[in-house]
Amino acid sequence: MTWMNSLPVLAVLALVLYRQTRARRVFAPSAHILALIMIAIGLLSGGVVDPRHTGLSVVLLVVETVSAVVLGVVRALTVRIWWDETGRAWFKGTRWTMLGWLASILVRFGLLGVGHVLGVAAAPTTFLLFVGLTFGAQSVVVAQRARALHAPAVLVAA
């Protein structure tokens, strides 16, 4: 991956990480939309499966997909969620969330390394696929956690 190819990917990752450190509304559609855009770009840009090593690259893709989703679910358990007095659910990442992102990035690069050692080529945009999947899984679980907390009783009665 050249620096010119990796700059947009790094910019998207920086945006995702920045947003994790800010209080944000849980049910805002922007998180799901951003995840879907990253997944779409990762899939539609090609290079997800190396035609020289189809079977091996599909196995790596499955492992990456499962690890992305699992890591997203684990990170979702580390965010702080609360309801404000107007009945809106909010969340904010914690230090554990940032450590979870670090673990996610390390897992992704580890799998890239395994693929490289085995001779499997990966397009730079497959990183967007991984980040989109892990961010999407985190967003879905955060929304489920917020729903489980329920709105404040004052608003339920209204």
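The model is predicted, so local features need pLDDT of at least 70 and side-chain atom pairs count only at pLDDT 80 or more, while totals for chains, interfaces and linings use all residues. Residues are numbered from 1 along each chain as its sequence is written, and side-chain values use heavy atoms, with hydrogens and water left out. The protein has six helices and three strands; helices (H or I, at least four residues) and strands (E, at least two) are DSSP runs, numbered from the N terminus.

**Overall fold**

- Along the sequence, the elements follow the pattern α-β-α-α-β-β-α-α-α.
- The protein has 158 residues, and 38% of them count as buried; buried means under 20% relative accessible area, exposed over 50%, and partly exposed in between, with a 1.4 Å probe and protein chains only.
- Among contacts between residues at least 6 apart in sequence, 79% join residues at least 24 apart, where contact means heavy atoms within 4.5 Å.
- The accessible surface comes to about 8800 Å², and 73% of it belongs to carbon and sulfur atoms; accessible areas come from the Shrake-Rupley method with a 1.4 Å probe, and for residues only the protein chains shown count as cover.

**The sheet and the helix across it**

- The three strands form an open sheet in the order β1-β3-β2, with antiparallel pairing; two strands pair if DSSP finds at least two bridges between them.
- The edge strands are β1 (24–25) and β2 (80–83), each of which pairs on one side only.
- β1 pairs with β3 (residues 89–92) in the antiparallel sense over two bridges, and the bridge partner of arginine 24 in β3 is phenylalanine 91.
- Four bridges join β2 to β3, and tryptophan 83 stands opposite alanine 89 in β3.
- The hairpin of β2 and β3 has five residues between the strands, and glycine 87 there takes a positive phi near 90°.
- Helix α5 (residues 126–149) lies across β2 and β3, running at about 40° to β2; axes are lines fitted to C-alpha atoms, for helices over the stretch in contact, and angles run from 0 to 180 degrees between N-to-C directions.

**Cavities**

- Rolling a probe the size of a water molecule over the atoms shows where empty space is left.
- A search of the whole structure finds four cavities of 30 Å³ or more; on a 1 Å grid over the protein atoms alone, a cavity is a set of points where a 1.4 Å probe fits but cannot get out.
- The largest cavity has a volume of about 190 Å³, a volume being the space filled by probe spheres set on the points, with grid points joined across faces, edges and corners.
- Its lining holds 19 residues, of which Val48, Glu64, Arg108, Ala122 and Thr126 lie nearest the centre of the largest cavity; lining residues have an atom within 4 Å of a point.
- Helices α3 (54–76), α4 (95–117) and α5 each supply at least two residues of that lining.

- Glycine 119 is in the loop between α4 and α5, and aspartate 50 is in the loop between α2 (30–44) and α3.
- Glycine 119 is partly exposed, with a relative accessible area of 29%, whereas aspartate 50 is buried at 4%.
- Leaving out residues up to four places away in sequence, glycine 119 touches Asp50, Arg52 and His53.
- On the same terms, aspartate 50 touches Ser57, Gly119, Val120 and Ala121, not counting residues up to four places away in sequence.
- Glycine 119 and histidine 53 are 66 residues apart in sequence and 7.9 Å apart in space, C-alpha to C-alpha.

Technical notes. On a 1 Å grid over the protein atoms alone, a cavity is a set of points where a 1.4 Å probe fits but cannot get out, and a pocket is an open set with protein on both sides within 12 Å along at least five of seven lines; lining residues have an atom within 4 Å of a point.
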